[in-house]
Amino acid sequence: MTFNHKKTKLAILGMIAGGILLGTSVTANAALSPSSTLPKTDMVDVSSWQGNLTAADYQTMAGNGVKAVTIKATEGTYYTNPYLSQQVQYAQQAGLSVNFYHFVHFTSTDQAQSEAQNFIKAVQLVTNSKDVVMVADFESSELAGVSKSQNDANLAAFDATLNQAGYNKTDLYTMASWLGVHIDTNTSNNGWIADYPNNPTGSKYTSANAWQWASDYRFPSINQNMDVSQMNNDFYLNSTAGSTTDTSTPTTGSSSSSSSSSLSSSSSSISSSSSSTTSGSTSSTPGEIVKVPGPSGKQYSASRSKSVKLVWRSNMGRHAYKTTDGARYSKHLGMRYGYNSDMPDITWYTDAHEKLYMKNSGHYAIYYHVKSADGQHGGWIWRGYLNK
């Protein structure tokens, strides 16, 4: 779904999450071009890795067979896609059915409920519709160390929290190799299955809702690899307008409650600015997806994100570190989650590392992906700031 998932993950299971579903690739594969022999491309998924796509790009995809888009909203309990509102707006303007996914890290039912609340809160900031598909993106490396029965129970707790908030259309995204091994589909989650054959054609996993068959597809005039899926039914369709009667107050805290009030206001209009907009807007039509303020400059920096280039990223062993220096970032450094000095007593545990080329200095840097013992905090920290 994002950079380090899907096709690379299928080949190298050690690749881990940092920020939904593949947009670019570490490997130099030739991109797939439109062909009548390929499966359908009626659904795409996007995350912050596709934050550069324009409104015209979404129109291009719609003109080339795309009917639905599933957008990364959140990850764990600590991350919200900074481009979420912009991507929702562009997709809706192109007439696409809009759905959402959450990148899962939970390994217990309590964590599953907390992550579901984070997911709900983010989605309620961009739509008061409940007629959207809410997907659990199940592929992070730590989940392979949990029993299948526990993963199934955790997913059930995640879905139950979504259901209690009024979201009854749920689904499970995972790799074909994980089905029946680490996680199961069920009647509530028929599945959105990732499997990338060398020569994709025809149909696969026809009992599932969708089959994601490539992460290196190029639509005309869009110079970026895209994740594409073939839908097997209309489950992901008809989510653009959503419910026209549900105006209930969110249950995920004061900030979401405030957002719900603004969504039902009839005195404001949708903003046309980018995700860095500093003033929000509301909708007078219940169920309409609306634009809301993006993260402030203190959190997200496009220039910082563009100043680095990934060299490699992979899993690593679990090591304990302390630090009060520097900050925690998303894998591309665009989003700053918080300063380490604010959490001086936390022990951070590694699970992955990456090498970045710093374009401004011409130097290289190694970052470690870390998480707190309870899994509630994490991010990428420069190795030089970490102390045993």
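1. Let's start with serine 221, which sits at 68% relative accessibility and so counts as exposed, the cut-off being over 50%. Bear in mind throughout that this is a predicted model. You'll find serine 221 in the loop between β8 and β9 (226–231). Its backbone deserves a look too: phi is near 70°, a positive value in a residue other than glycine. As background, most residues other than glycine have a negative phi.

2. Look for tyrosine 205 in the loop between β7 (192–194) and β8 (210–217). Is it buried, exposed or partly exposed? Partly exposed, because its relative accessible area is 26%, and that class covers what falls between under 20% and over 50%.

3. On to lysine 130, in the loop between α4 and β5 (134–137). With a relative accessibility of 11%, lysine 130 counts as buried.

4. A polar atom of the serine 97 side chain lies 2.7 Å from the backbone oxygen of tyrosine 236. Serine 97 also sits 9.1 Å from methionine 43, C-alpha to C-alpha, although 54 residues separate the two in sequence.

5. Now helix α3 (residues 84–93). Why call it largely enclosed by the rest of the structure? Because nine of its 10 residues are buried. The buried ones are Leu84, Ser85, Gln86, Gln87, Val88, Gln89, Tyr90, Ala91 and Gln92. As for what surrounds them, the buried residues of α3 pack against β1 (43–46), α2 (55–63), β2 (68–75), β4 and α4. Just past the end of α3 comes glycine 95, with a positive phi of about 80°.

6. Helix α4 (residues 109–124) packs against helix α5 (residues 148–164) at an angle of about 35°, and their axes are 8 Å apart. The crossing of α4 past α5 is right-handed. On the α4 side, the contact uses Thr109, Ala112, Gln113, Glu115, Ala116, Gln117, Phe119 and Ile120. These meet Gln150, Ala153, Asn154, Ala157, Phe158, Thr161 and Leu162 in α5. Sorted by class, the contact has eight nonpolar, six polar and one charged residues.

7. Last, the nonpolar cores. The largest has 50 residues, and Tyr58, Met61, Phe100, Phe158 and Phe219 have the most contacts inside it. Helix α4 supplies the largest share of this core, six residues. Apart from it lies another core, of 14 residues, among them Met43, Trp192, Tyr196 and Leu237.

8. What does it touch, leaving aside neighbours within four places in sequence? Phenylalanine 219 is in contact with Thr41, Val44, Met61, Asn64, Val66, Met226 and Val228.

Methods:
Residues numbered from 1 in each chain as written. Heavy atoms only, no water. Axes fitted to C-alpha atoms, helices over the stretch in contact; angles between N-to-C directions. Helix = DSSP H or I, 4+ residues; strand = E, 2+ residues; numbered from the N terminus. Left-handed = near helix turned anticlockwise from the far one by under 90°. Contact = heavy atoms within 4.5 Å. Nonpolar A, V, L, I, M, F, W, Y, C, P; charged D, E, K, R; others polar. Buried < 20%, exposed > 50% of the residue type's maximum accessible area, 1.4 Å probe, protein only. Core = buried A, V, L, I, M, F, W, Y, C linked by side-chain atoms within 4.5 Å. Polar contact = N/O pair within 3.5 Å; in protein donor to acceptor, adjacent residues only side chain to side chain.
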